[in-house]
Structure formats: C-alpha cells, structure tokens
Amino acid sequence: MRVVAAMSGGVDSAVAASRMLDAGHEVVGVHLALSQSAATLRESARGCCTIEDAGDARRVADRLGIPFYVWDMAQRFADDVVADFVAEYEAGRTPNPCLRCNEKIKFAALLDKALALGFDAVATGHYAQVVETPDPAAPAGVRRELHRAVDQAKDQSYVLGVLDADQLARAFFPLGDTTKTDIRAEAAQRGFSVARKPDSHDICFIPDGDTRGWLTDRLGRRPGPILDTMGQQVGRHDGAYAYTVGQRRGLGLSVPAADGAPRYVTATRPQSNTVVVGTRELLGVDHIVGDHARWCGAAPEGVVAVGAQIRAHGHEHPATAWADGEQVQVRLAERIRGVAPGQSVVLYEGTRVVGSATITHADRR
Amino acid sequence: MSVYLDHAATTPVLPEVIDVVARTMRDVGNASSLHTAGRSARRVVEEGRESIAEDLGVRPSEVIFTSGGTESDNMAIKGTLWRRSAGDPRRRRMLISAIEHHAVLDAVDFLVTTGQADVTWLMPDEAGVVTPDVLRSAVEADPDSVALVSVMWANNEVGVVQPVCELAAVAREYGVPMHTDAVQAVGHLDLDLGSCRADLITATGHKLGAPVGIGVLLAARDQDPVPLTHGGGQERQIRSGTLDVPGVAGLARAVRIAVARQREEAPRLASLRDELIEGARAIDPSISVNGFWVPGEVHRRLPGNAHLRVPDCDGDSLLYVLDAAGVQCSTGSACQAGVPQPSHVLLAMGMSESEARGALRLTLGHTSSAADVRGFLEALPTGLERSRRARMATARAS
C-alpha cells in the first residue's frame, strides 16, 4: 500500500514509519505544520510542531530513505481544534483537543488529502491496535476493530475513540503491540537521534502547560463570584471558563467550609459567570449523557455492557450504555467523580473500542 | 526517470568547472600571503577577476568576490544606505521593487524595522514589470530623501526581465545609486553591464554552473558601501575574509562558458520553455503563464523560465505528485519551516492569495533537453487530477 506516515518529530512516529516500511509498504513521511507561527524554536521539550520537530522528522525520513514533506494544516487546526477548544471552555465545558485533532485533522484533513493524492492509508505513532476480523458482511470481507494497546500505561485508544469505520479502514497504528520501553530501544537500535527525546505532554498548542493563562489571553479576565451550594459567595475568580468540574486546586477560597472539609468545583455556569463549589460527595455521578456519538464500527443496538473511560489514561468503569441517534446514555455501576461536560466518554467492550460521545450532562440516581 | 526542472534554484556544476576547482584546490596558498604560494594563489584570483570583468563588460577593480547572492545583496543595500545617510541624514528613503528576492527584501525590512531607513515600494504592472515611470514618480515625491534604488534584473520566480538600463538612467538623472540583483540574469541574458551603468550588481556562481559559495558584487569605482563584516580588508576594504581561490577559478570558468554559450543557449532553452508551456496548456487550457511571455522571445523573459498559474490547485500538492513521478520543480515561493507561503511576487502583480497558491515554477538550464519537457508533460495530467482532488478534500469550509 501507499502510506502517509504522519511524523511529528518524536520517537513514536519515527518507529511507526520504519515499521510500515519494513512491512513492505511504500511510505512517505509527512510532518503537519499546525502552528500559526511555524518558524518558532522552543527551548522546552514540551509541546510539539516547532521547526526543530519538523527537522527531527526530516532526519528520520532521511535515514529511512523515504520522501518527506511538510503539509500546512495550520488553518484547519486553528479552526477545527483550537477555536473549538476556546469555544468549549467559554461555554463551560472541558474539551480534549487530541480527540478533536484525530477526528478532524489526522484522520480527516490529512487522510483526505492523502487519499486524493493517491495514497491508501495514514499511519501514526499512536499506541492502539487495529484488529482485523473476518466478516462476510463487511465491504472487503474483513472488519477492522480498534483495540487498546498492549502497553496499558501508554494506551492511546481513548483519543482515537472518535474514528468511524471508514477512518479506521484507512488507519495504521504499528506500535500497538509493543511497550514504550521497547519502542525506545528499537529507535535507538535503528540509530534515530530522537530515541531519547522526551515524550510530549499536555496540549501541543499550550507549550508551557498553563491552560488557564492561555485561555485568559484569549477570553480576557471576566471576574465573578465563587459560590457554595447555598449560594453564599466564598471567593472570586477571573473567569468561570477556566474552571473544571472536580477541580480542587487554585480556587483561592476566602471563606472556609463550616466543617473544614476540602471543596471542589461542582459546576460552572457560563451564563452567570459563576463557579459553584461543594463537597467531594457532590461530585459523584452514575449517569452520563453524551452527544456527538462516534462509533468505531457498527453502532451498538439496545443496551450493552461496556467499560466507560472519561479521560485519557483514566480508569475504565463498568457500565451499561445505549445509543439513540447522536445521543448516548451511560449508566455506571458505581458513582465516579470528576465528570465534566465537554469531556469525552469512550466505551470499551473488553479491549475493543466501541465508540465515544461528548459529555453534555451527568447526575446520580 | 528523473527530470530536474529547478535550475533557477541551483543548476548542475559544469564538468569543466569541477576540473578547475579540483585542480586549484590541490594548491596551497592564501592570496594575501607574500611568499611564493601566496603569490601563486593571488595570481589565480586576479586572473579570475580579469576574466570575469572582461566577460561581463566591467573593470577588474569593480569585481568584489563574496560568498554569493545573499551577501552581495546585503552589502549593496545596507552598505549603501549607511554610506548615503552618513553623508546626509535626509537620505534614508530606499526605492525597492516589490518583487525582490528575500535577500533584498529582508535586508530592507531590517533597516526599516530598526528605524534606520524608510522604504517606498516600486510596484510592478500585471506583467511583472517595474516601469521607469513608476521609479521616476517615486523619486520625484522627494528627490533629496532617496538613498538608493534597487530593482532586480530578472525575477527569480516569474522570470520577467526588468528594464534595468532605463531604470538606471532615471536613477542617474537624480544622482541616486542604483543596485540590481542580477543573480538570475548573468549568463542567461545578453547583458552589457558596462553600458548599462547600474552602480551595484549582484551575481552568484551556482546559478550558472559554478559551485555554491562564490559570487560577486560588481561595484562601480565611485561606490563605497560601508562593510558588513570587518577583518583583513581584502576586496577593496569592502569585503573582508580569506579569498576562496578555487571558488574564484571555478566562477571565472563558469562565467566564461555561460557567456560564450548564451547566444545559442537562450533560443534553445526558450524553445524548450515554449514547448513546455504550450504542452501544459494543451493538457489543460485553464493553465496560464505568469508574467510577460511571448513564444521565442529571449530578452524580456528568462529563456529557461516557465511559471504556470494552475487554477483550483495547490502548488505544494502538485509539487508532491510530480516529485513522486520523478519530476522536480518548485512552487517558486519562499518556504517558512517547509511550508510554502503565497508568493509576494504574485501578490505584488495583483493576484489573490488563492490564485497565488496555484503556481508552479519550472526552470530549464544547461542540462535540460526535450526529454525533460516530455517527462513533465507525461506526469502533469495525474498531477493535476490528484492535486485538484486534494484541494477539494482540504479546502472545505469548516
């Protein structure tokens, strides 16, 4: 097959590209320029998409002897990922931009361009597995399923839970059967200079990790009250958009709780620019409603037993789920905390990713 | 199959030049040393200088060796601005064509953003030509404030040749120094630099068959640009640095060959260029040529330059598909971190950003043949089809 290997400049995508080449595919390396100011040199190892990262990717492609190009997707990324991220926070929700990027950029804009230019698929360095199962009903007689990676600690199937069957049919994740430790060793063995490059963390377009400061730069200071559940003001904030349900740190409350117990954000109300805090118990929910359902295969029919995961590298919680068009209802076996609107709930059946939805609401029986 | 159609980026070094460079490189000697080896190196340099001066119609003392086009342009722009404004602080306005190479543009930008100078841009017409009238009215807005004029001889993207002699005449009327970046012109056009009387002329080796790393600034004897680098004072106290003896020998040989062959090479390349353009337009009649073009003409457009406007197409996608088919060409515009930017040249010629993205530059040179043109034309239909699909796929309104 003719395959575009998306190469960030990191160790994972370098090995992914090599493995596609070893498997006999015709591979072209593509680095996505996602930053509006691509020609920046950043000192820290965090973030990505700097000119140095593009250079690292190029050097790996040189070693592999494959063609390499930089494709400019900065405008699409700004519109579909960054603007969405800001709008979601402004609306009081907590989005995961990596899911959005996979859905709209890597397996949409990039994949579509690749297909148009004559490629068959896109390969990335995500830790996840695509398992092919014979299925007479499937178009090519084979059903492609998305599964967790063998390296539990590194598994990235959560951020791929937005891929539909068509996208999965064109996706390769060559690292899913290997641990990160072994991938680094393999990179070193292959002589890649990026073998010891630190992992990127956090959100690539907020390289210093200060999401609140970054949002404040874009949305401005909007001071307002922090209230307790009785409606009494217990503090002030500089913008309700910067708070997330379940958050405990950085609240700066001026009035202590009567019982001295720690308090958490239990709700943010963008319309009234209010943040509400309460006890840990108030965070517990066992019913989640989500919209923007995405199925990594056929949509489930009726009520299905699943494992629900609500954040990257979070735990999987036993649940039942049923779908109704774009909407998904999830009933958890036990209460869990820290469920914020805007997060994605990804549903698993064993190691298989069933699909995902964006959380709109959560409560308890 | 490998088809190289990017000679304007760099052209293969001539075999005769490789020989002379390799031979010269075997000899030790700093051209500034006083002993035998030094004198022998100096002789090579001076013979090279005389040879280049003779071939280009200037005096040997006007030839200043540099590392190439970027350095020569920077020396001419910054050095002349500094010299002129030191003489009279009112003289801080630079008249610069809007289609210059970044070696000029960014030097100008540096002087302006650091508060050392002002700039008046000389806009080209739709054919890409800066007319003498445009220059005259820019000067006349305030003649006493003008520090220098810079208009390139031939544009590196669209290949349009500027009326440099007429522009230089206008500048001379007002006593203003005129610089021209002739990197794409020397060896490719029938030039008589001596009678044209531009005061400062940039040329470089690797566009005419010499290696990268050697070039010249031809500076009239009354020109005294302030040096950018300070050191041993080689090259008229204007450009310091140990002379690149093999580079000078190679450049002299390359200039001699290019100038000697120019009169027969120009019509040969123009005919290949016309075949390429007409072939592309036969494949897709919506393709047009950017900048002045008349078939067979070898004076007003670089003979080897075909710059195509391809509607509904991103140049970088087209470049990829052609590259995959073994055809190497360029979108012509500058890259930022590998990402092509819409060309400032096309924008200055009145094109929209979207139109400017659908540009493809194919440049022929001394190794080009009809087979190269055929190779391109064979790869073009698939290239057009795929890159247009890619544009449809990625340009959807979000």
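Trainee: What should I keep in mind about the model and the numbering?

Mentor: This is a predicted model, in which local features need pLDDT of at least 70 and side-chain atom pairs count only at pLDDT 80 or more, while totals for chains, interfaces and linings use all residues. Residues are numbered from 1 along each chain as its sequence is written, and chains are lettered from A and ligands numbered from 1 in the order in which they are written.

Trainee: How many helices and strands does chain A have?

Mentor: Chain A has seven helices and 17 strands, where helices (H or I, at least four residues) and strands (E, at least two) are DSSP runs numbered from the N terminus. Its radius of gyration, taken over C-alpha atoms, is 22 Å, close to the 21 Å that the globule rule (2.2 Å times the number of residues to the power 0.38) gives for 365 residues, so chain A is as compact as a globular protein of that length. Along the principal axes, its C-alpha trace spans about 65 × 50 × 35 Å.

Trainee: And what share of chain A is buried?

Mentor: Buried residues make up 47% of the 365 residues in chain A. A residue is buried if 20 or more other C-beta atoms, placed from the backbone, lie within 10 Å of its own, exposed if 12 or fewer, and partly exposed in between.

Trainee: Which strands make up the open sheet in chain A, and in what order?

Mentor: The open sheet has five strands in the order S3-S2-S1-S4-S7 of chain A, with parallel pairing; two strands pair if DSSP finds at least two bridges between them. S3 and S7 (171-172) stand at the edges with a single partner strand each, so one side of each is left without a neighbour in the sheet. Strand S4 (residues 121-123) of chain A is joined to S7(A) by two bridges, and Val122(A) stands opposite Ala171(A) there.

Trainee: What does S15(A) pair with?

Mentor: Strand S15 (residues 327-336) of chain A pairs in the antiparallel sense with strand S12 (residues 285-295) of chain A over five bridges, and Ile288(A) stands opposite Val330(A). S15(A) also pairs in the antiparallel sense with strand S14 (residues 317-324) of chain A, over six bridges, and here Ala323(A) has Val328(A) as its bridge partner. S14(A) and S15(A) form a hairpin with two residues between them, and Gly325(A) in the turn has a positive phi of about 65°.

Trainee: Changing topic: is Glu281(A) buried or exposed?

Mentor: Glu281(A) counts as exposed, with 12 C-beta neighbours inside 10 Å, and its place is in the loop between strand S11 (274-278) and S12 of chain A.

Trainee: Now the other chain. How many residues does each chain bring to the contact?

Mentor: Chain A brings 18 residues and chain B brings 14 residues, where two residues are in contact if their C-beta atoms, placed from the backbone, lie within 7 Å. On the side of chain A that touches chain B, H4(A) gives the most, with four residues. That side divides into eleven nonpolar, one polar and six charged residues, where Ala, Val, Leu, Ile, Met, Phe, Trp, Tyr, Cys and Pro count as nonpolar, Asp, Glu, Lys and Arg as charged, and the others, Gly among them, as polar.

Trainee: And inside chain B, which way do the S2(B) residues point?

Mentor: From strand S2 (residues 63-66) of chain B, Val63(B) and Phe65(B) point one way and Ile64(B) and Thr66(B) the other way, and all are buried. Four bridges join S2(B) to strand S8 (residues 215-219) of chain B, and the two run antiparallel, with Ile64(B) opposite Leu217(B).

Trainee: Last one: where is Asn74(B), and what does it touch?

Mentor: Asn74(B) lies in helix H3 (residues 69-87) of chain B and is buried, with 21 other C-beta atoms within 10 Å. Leaving aside its neighbours within four places in sequence, Asn74(B) is in contact with Ala103(B), Ala107(B) and Leu228(B).
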